[in-house]
Amino acid sequence: MSNNRFADIILPLAVRGRFTYMIPENLVEIVRPGMMVSVQFGSRRLYSGIVCKVHDKSPEIKNIKSIINVRDNTSLINKLQLTLWQWISEYYLCSEGEVMKAAIPGEISQNIFKPRLETFIKLSRKYTEDELNAILDNLKRAPRQQELLSSYLRITGYATGTEIFPISKSALLTESQSSAVILKVLVKRGILVTDDQPVPGIPETDGYKEPLKKLSDAQSTAWGEIKSQFREKDIVLLHGVTSSGKTEIYIHLIEEQLKQGKQILYLLPEIALTTQIIDRLRRHFGAVTGIFHSRFSAHEKVEIWNRVAENDPLYCYKLILGVRSSLFLPFSNLGLIIVDEEHDGSYKQQDPAPRYHARDSAIMLASMHKAKVILGSATPSVESYNNAMKGKYGLTELKERFGFIKLPSIILANTREAYRKKLMVSNFTPELLQAIDTALGKDEQIILFRNRRGFSPYIECSECGWIPVCVHCAVNLTYHKGIGKLVCHYCGYAISMPSECGNCHSSAMVTRGFGTEKIEDEIKIVFPAARVARMDQDTTRNKNSFNKLIRAFEERRIDILIGTQMISKGLDFENLTVVGILNADNLLNYPDFRAHERSFQLMEQVSGRAGRRQKQGNVVIQTSDPANKIIRLVLRHDYVSMFRIQAEERMAFNYPPFCRMVKISIKHRDRAQLNYYSDTLGRDLKAIFGKRVLGPESPVISQVQSWYIKTILIKIEREKPPARAKHLIIEAIDRLEKEKGASALKIILDVDPY
Ligand code: ADP
Ligand code: ZN
Ligand code: ZN
């Protein structure tokens with residue numbers, strides 16, 4: 001009999017620590033690390049937990065409880081995943097249970113092992129090209145059927161002589177944005193057939209694969225450099241201007257890893273970006289390519305999880321394209337992690353814990369697998385570029401766009417002057433209107449960027465200056481015209497648009513400022529013939545809405561696309577020649593040490609969408625301050641100077657990357673209580689860390705969802721290992737939590753805040 005009678009278990013709770021349970025006799029031979037088990041915690045509740053260690057050390061507690069049962073006889077979580085969870089919990093100061101909750105969404109833990117049947121769709125027989133063309137021709141009058149069949153052919157890459165490749169019904173309908181009804185007709189007509197198969201174990205034959213593109217000289221050189229740097233370094237920063245062909249280099253690196261039988265994780269900061277890249281990857285790598293993000297249903301997530309864990313070469317995913325949470329998939333054999341747009345702030349999770357940075361966690365994950373990391377960006381983060389300068393990372397640069405197309409030319413449009421001379425047409429300068437007009441005349445496309453959604457950021461009484469604010473948060477309510485409501489962007493609180501002032505009852509309420517919705521309205525008035533669409537949080541709530549908008553723009557069914565940061569990066573449109581940045585000023589005036597870096601990145605990235613294929617693009621930046629030094633740098637596409645200036649400033653004032661930061665947010669529903677407790681914690685921390693403590697102070701938004709907020713920042717020296725300082729911080733918080741009445745506080749720790 002085994003002596004290992006105890007199991008340390010991670011439970012999905014925000015409580016630090018692991019929990020020890022007894023392994024009952026009948027399970028002693030079965031329970032292993034990584035398994036999911038049911039246990040009782042607290043007085044009654046049952047939880048699914050993950051076993052992380054099996055041992056024979058009896059804990060010093062009375063009435064130790066026993067594991068109730070195991071959820072399955074195999075391990076759900078592998079050793080490397082457990083190591084990653086532990087690292088994240090220690091580094092980001094959260095519980096392993098919180099990491100567990102992020103890593104295995106609730107649905108997965110319920111369904112993970114259940115095999116299920118899935119319907120697959122395939123061609124009814126091998127058609128020749130002529131036959132297919134005849135069929136497609138025939139369907140001309142049934143465009144939706146034609147579209148669905150075309151989608152099937154596109155996705156599977158079917159061509160004369162290749163094998164027929166079945167594709168899951170749900171995937172086909174998702175990708176083609178078609179409906180089950182349309183599909184039924186095609187099946188009835190005998191063109192497609194359905195086939196129910198258990199999952200896993202689908203005999204997927206691979207579709208046609210397009211050979212890789214031949215790299216340009218500059219790309220080949222960069223590719224060679226990356227590989228030779230990988231011999232000495234684990235991490236290489238690929239700094240290539242927008243549209244220099246970074247993605248093609250990744251594709252070449254992926255192919256080499258696949259040939260060696262390794263897994264590859266390709267991270268992107270935003271779901272919108274996966275749409276285009278997945279097509280590019282599947283074209284070359286076919287069925288081994290999986291995609292993962294939060295919009296998938298529970299079933300789909302389970303399938304992806306299983307296929308990453310799978311070894312069967314016909315069924316497994318080797319290449320995963322995903323957003324930050326895909327770090328938690330059950331990889332066993334990673335060879336390479338690509339972090340594209342590595343500078344992007346969306347890689348940092350804000351809420352809830354774990355508040356991890358996916359780039360930095362990816363670097364840890366890679367080291368656990370002895371895998372390499374490539375960080376790619378046209379505008380690297382100051383942190384990563386600094387690491388490259390210090391020689392910690394390798395550095396490879398691509399200075400020209402692919403095809404020697406020039407970087408877009410940038411026109412600064414002075415809004416202050418245009419207002420003074422009465423040349424503004426609603427929120428558009430003559431320069432921007434001119435550029436749009438010219439592009440429309442040539443059937444070219446336009447993107448307009450505005451980093452605020454809604455119609456107007458606030459409304460105001462023109463008589464007395466009264467502004468409606470949220471009742472739960474210290475923010476103005478944003479007017480959304482489409483739904484006729486004022487909405488809080490922090491808590492969702494919404495009221496109808498008031499017909500009169502809440503203070504003086506005047507009916508002279510006016511909208512102030514402008515968001516994407518207003519831009520959409522106005523541009524339609526100025527260019528009534530243009531086809532206009534908008535891409536922001538409000539228009540992309542459905543699962544397929546990103547797909548639809550991006551396809552429509554690719555297929556030139558939209559002339560002008562208005563959007564927030566989701567259109568600002570990574571997208572590659574052939575016919576897009578003009579980009580307008582509607583208001584650069586509010587990007588620059590944000591009180592944060594990263595504001596200048598961020599606004600440079602944003603402007604450079606959104607500019608980078610213009611003129612990527614045939615000819616140089618045009619960018620119009622509207623600003624009231626054309627002399628601004630960051631804008632001058634964007635004008636010259638001068639990343640390196642931006643880096644130098646930022647690095648000097650941050651060194652002088654001791655900000656990251658020259659120190660580490662931990663941010664403590666303290667929340668209380670009562671302002672006076674909050675002040676008392678935050679001052680207490682501040683004093684305690686200052687006694688330990690001295691001048692390294694900033695605050696407590698009120699953040700820009702000092703109240704959210706009825707909680708008042710204070711923040712304390714602690715700067716920790718780079719040179720010292722951070723674990724000791726973090727430990728002292730935790731101890732100080734423990735002391736505060738022991739104070740009378742402190743249980744009404746919420747304390748949030750954020751390591752490396754963004
Ligand atoms: P980046 O990732 O640097 O923004 P991309 O890889 O998207 O750049 O390349 C920009 C455009 O140039 C894309 O449309 C891509 O298909 C094309 N391109 C890049 N490299 C090649 C190549 N070697 N052969 C053909 N087309 C290429
Ligand atoms: Zn609110
Ligand atoms: Zn009023």
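At 34% relative accessibility, Cys504 counts as partly exposed (that is, between the cut-offs for buried, under 20% relative accessible area, and exposed, over 50%, using a 1.4 Å probe and protein chains only). This is a predicted model, where local features need pLDDT of at least 70, side-chain atom pairs count only at pLDDT 80 or more, and totals for chains, interfaces and linings use all residues. Residues are numbered from 1 along each chain as its sequence is written, chains are lettered from A and ligands numbered from 1 in the order in which they are written, and side-chain values use heavy atoms, with hydrogens and water left out.

- Cys461 sits in strand E18 (residues 458–461) and Cys504 in the loop between strands E21 (494–496) and E22 (509–512), so the pair ties together parts 43 residues apart in sequence (strands are DSSP runs of at least two residues, numbered from the N terminus).
- Cys461, at 1% relative accessibility, counts as buried.

**Zinc ion (ligand 2)**
- Here the SG atoms of Cys470, Cys473, Cys488 and Cys491 do the coordinating, at 2.2 to 2.3 Å.
- The angles run from 105 to 113°, which makes this arrangement tetrahedral.
- The spacing of these donors is C-x2-C-x14-C-x2-C.
- Cys470 is buried, with a relative accessible area of 5%, while Cys491 is partly exposed at 24%.

**Ligand 1**
- 17 residues surround ligand 1, and the closest are Lys214, Lys246, Thr247, Asp572 and Arg613 (a residue is near if one of its heavy atoms lies within 4 Å).
- A nitrogen atom of ligand 1 lies 2.7 Å from a backbone N or O atom of Lys214.
- A side-chain N or O atom of Arg613 is 2.7 Å from an oxygen atom of ligand 1.

**Nonpolar cores**
- The largest nonpolar core has 148 residues, of which Trp85, Tyr266, Met603 and Ile664 touch the most other members (a core is a set of buried Ala, Val, Leu, Ile, Met, Phe, Trp, Tyr and Cys residues joined through side-chain atoms within 4.5 Å).
- Apart from it lies another core, of 22 residues, including Ile135 and Tyr152.

Notes. Helices (H or I, at least four residues) and strands (E, at least two) are DSSP runs, numbered from the N terminus. Donors are N, O and S atoms within 2.8 Å of the metal (3.2 Å for Na, K and Ca); water is not among the atoms, so sites may look incomplete. Four donors count as tetrahedral if all angles lie between 85 and 135 degrees; four count as square planar and six as octahedral if opposite donors are over 155 degrees apart and all others between 65 and 115; anything else is irregular. A polar contact is a pair of N or O atoms within 3.5 Å; within protein, one must be able to donate a hydrogen and the other to accept it, and residues adjacent in sequence count only if both atoms are side-chain atoms.
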